[in-house]
Amino acid sequence: MTGTDFIAHSPETKPFWDAAAESRFVLPRCQQCHRTHWYPRGICPHCLSTDIDWQESPGEGEIHSFSVNRMGNEPYVLAYVALTEGPIMLTNVVGADPATLSIGTRVKVIFKGAAPEAPVPLFAVR
Ligand SMILES: [Zn+2]
């Protein structure tokens, strides 16, 4: 067993993780009500359709709310980021002094992970 054997993407989320492996950010978009949603899943949370497609996104948005956790060696920022497309996602804002952040700070997705096979969407100040 290797360090990434635990990663088992479901068929519903595989397109998201395949794109993330190429540093592309895609959002699930319902083909019935034409709304995007977060998190990736095979059913639209707005209209319950299973007709989901994937939309390329620049991964831009703004901090909707955030909290600074100072329990570890270095503080880290847990944030809700409101994407330009509408969905709000729970994530981390990295690479910035937490004291410089505020609600409304513009951020852009970056991908980082414990292993190249497991990139996770995080956000950095634009
Ligand atoms: Zn829908």
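Visitor: Which strand gives the largest share of the nonpolar patch?

Guide: In this predicted model, the patch is built from Tyr76, Leu78, Tyr80, Ile88 and Leu90, and covers about 470 Å² of surface. Two elements give two or more residues to the patch: strand S4 (76-83) and strand S5 (88-93). The largest share, three residues, comes from S4.

Visitor: Is Leu90 buried, partly exposed or exposed, and what is its relative accessible area?

Guide: Leu90 sits in strand S5 and belongs to the nonpolar patch. Buried means under 20% and exposed means over 50%, with partly exposed in between. Leu90 is therefore partly exposed, because its relative accessible area is 48%.

Visitor: Now for the inside! Which element gives the most to the largest nonpolar core?

Guide: That core has 18 residues, and Phe25, Leu83, Val93 and Phe123 have the most contacts inside it. Helix H1 (14-21), strand S1 (25-30), S4, S5 and strand S6 (106-112) each supply at least two residues. With four residues, the element that gives the most is S4.

Definitions and conventions: Residues numbered from 1 in each chain as written. Predicted model: local features only at pLDDT ≥ 70, side-chain atom pairs only at ≥ 80, totals over all residues. Heavy atoms only, no water. Patch = residues over 30% accessible without salt bridge, like charges linked within 9 Å, V, L, I, M, F, W, Y side chains within 5 Å. Areas by Shrake-Rupley, 256 points an atom, 1.4 Å probe, with all protein chains shown as cover. Salt bridge = Lys/Arg side-chain N within 4 Å of Asp/Glu carboxyl O. Buried < 20%, exposed > 50% of the residue type's maximum accessible area, 1.4 Å probe, protein only. Core = buried A, V, L, I, M, F, W, Y, C linked by side-chain atoms within 4.5 Å.
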